[in-house]
Amino acid sequence: MTTTLPELEAHTLSQGQYRIHYVAAGDPQRELIIFLHPAFSDHSSFSAQIDTFAQHYRVVAVDMIGHGKSQVTDGRGSIAAMSALVAGVIAQEGYTQAHVVGVSLGALIAQDVAAHFPDQVRSLTVVGGYPIGGTSKAIQRAQGGAIVTMLFLLIVSMPRLRRYVAKTSTLHPHAREQFYRSAQAFTRRSFGVLGGMNKVMQPIYQPQRQPLLIVTGDHERSILRAAASAWQRQEPLATHRVVANAGHCAHMDHPDGFNALLLEWLREKA
């Protein structure tokens with residue numbers, strides 16, 4: 001028995017100074033689900049999710065500012081503008097609400113969307129993430145060390161930087177190669193847009209208004225596994241699930257396991 005893969009539609013959204021690209025698939029009469037990728041990557045990191053979820057939802061996977069085809073030319077772009085752009089995509093697709101799924105950087109942006117446009121977010125799923133409010137000092141220190149390494153590699157070699165991020169983000173060779181391919185459009189200019197993350201982070205934690213699913217891989221870094229558990233304790237109605245045989249980008253390391261648990265949770269909770 002053969003499976004027919006969904007036909008991908010290429011779209012753009014122009015809003016303010018930005019022009020972002022995204023792909024869509026699935027029946028526009030079904031509920032909308034939006035996927036936001038990790039830093040350095042692009043929408044193609046969700047190829048396995050698009051294939052599966054387009055059978056049940058209208059699926060959108062966005063190239064965030066500075067990534068994929070959503071490049072900035074003047075170096076003045078800020079990733080913090082993404083929440084308004086995601087809200088714009090929801091409206092452009094003809095919806096009032098969407099399920100929003102974010103991985104790593106995408107998990108932080110997904111929370112920002114929920115914070116600024118709560119009525120447009122039906123549910124929130126974060127993978128390999130932590131709260132954008134009240135971030136622990138330990139996570140801040142760990143991020144600082146990683147940024148130093150990445151800045152060094154940024155100067156030395158972009159291919160080495162892409163390989164480093166792929167290796168630290170995924171567990172298995174096939175996922176690392178997929179991540180590396182998805183990062184080919186990330187350039188030195190792209191790195192500048194990430195400086196806007198300070199506008200996304202908040203000093204105080206705010207509870208989520210939407211159903212919340214927190215996902216970690218069982219091989220995720222210990223500091224992020226601990227952060228996920230602590231987050232779930234702050235949100236008694238949230239669900240925390242662990243994907244077996246997966247690292248930071250669990251959706252790439254074990255797509256079948258990730259897809260199954262997300263589909264189940266959406267049907268039961270959202």
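Is N245 buried, exposed or partly exposed? In this predicted model, N245 is partly exposed, with a relative accessible area of 42%. N245 sits in the loop that runs between β8 (239-243) and α9 (250-253), and its phi is positive, at about 60°, although N245 is not a glycine. Most residues other than glycine have a negative phi.

F40 is found in the loop between β3 and α1, where a relative accessibility of 5% makes it count as buried.

**The chain as a whole**

The protein chain is built from ten helices and eight strands. Its radius of gyration is 17 Å, close to the 18 Å that the globule rule gives for 270 residues, so the protein chain is as compact as a globular protein of that length. The C-alpha trace spans about 45 × 40 × 40 Å along its principal axes. Of the 270 residues, 53% count as buried, and among contacts with a separation of 6 or more, residues 24 or more positions apart account for 75%.

As for the surface, the protein chain exposes about 12,100 Å², of which carbon and sulfur atoms supply 53%.

**Aromatic pairs**

A search of the whole structure finds six aromatic pairs. In one of them, the rings of F35 and F46 have their centres 5.1 Å apart and their planes at 40°, so the pair is tilted. F35 belongs to strand β3 (residues 32-36) while F46 belongs to the loop between β3 and α1 (47-53), so this pair ties together parts that are eleven residues apart in sequence. F35 is buried, with a relative accessible area of 0%, and F46 likewise counts as buried at 0% relative accessibility.

Another of the pairs is formed by F186 and F191, whose arrangement is edge-to-face, with 6.4 Å from centre to centre and 80° between the planes. F186 counts as buried at 1% relative accessibility, and F191 counts as buried at 14%. Elsewhere, ring pairs link F35, F46, F53 and Y57 into a cluster.

**Helix α2 and its surroundings**

Helix α2 (residues 82-92) is mostly covered, with eight of its eleven residues buried. The buried residues are M82, S83, L85, V86, A87, G88, V89 and I90. What do these buried residues of α2 pack against? Their partners are β1 (9-15), β2 (18-25), β3, β4 (58-62), β5 (98-103) and α3 (105-116). Just after α2, G94 takes a positive phi of about 90°.

V126 lies in strand β6 (residues 121-127) and counts as buried, at 0% relative accessibility. Leaving aside its neighbours within four places in sequence, V126 is in contact with G102, A107, Q111, L212, L213, I214, V215 and W231. The C-alpha atom of V126 is separated by 17 Å from that of M197, a residue 71 residues away along the chain.

T216 is found in strand β7 (residues 212-217), and a relative accessibility of 3% makes T216 count as buried. With neighbours within four places in sequence again left aside, the contacts of T216 are L224, A228, H240, R241, V242 and V243.

**Accessibility of selected residues**

The table gathers residues discussed above.

| Residue | Relative accessible area | Class |
|---|---|---|
| F35 | 0% | buried |
| F46 | 0% | buried |
| F186 | 1% | buried |
| F191 | 14% | buried |
| V126 | 0% | buried |
| T216 | 3% | buried |
| F40 | 5% | buried |
| N245 | 42% | partly exposed |

Why does F191 count as buried? F191 has a relative accessibility of 14%, and buried means under 20% relative accessible area. N245, by contrast, is partly exposed because its relative accessible area is 42%, and the class of partly exposed residues lies between the buried limit of under 20% and the exposed limit of over 50%.

Definitions and conventions. Residues numbered from 1 in each chain as written. Predicted model: local features only at pLDDT ≥ 70, side-chain atom pairs only at ≥ 80, totals over all residues. Heavy atoms only, no water. Helix = DSSP H or I, 4+ residues; strand = E, 2+ residues; numbered from the N terminus. Rg over C-alpha atoms; globule rule 2.2 N^0.38 Å. Buried < 20%, exposed > 50% of the residue type's maximum accessible area, 1.4 Å probe, protein only. Contact = heavy atoms within 4.5 Å. Areas by Shrake-Rupley, 256 points an atom, 1.4 Å probe, with all protein chains shown as cover. Phe/Tyr/Trp six-rings, centres within 6.5 Å; stacked < 30°, edge-to-face > 60°.
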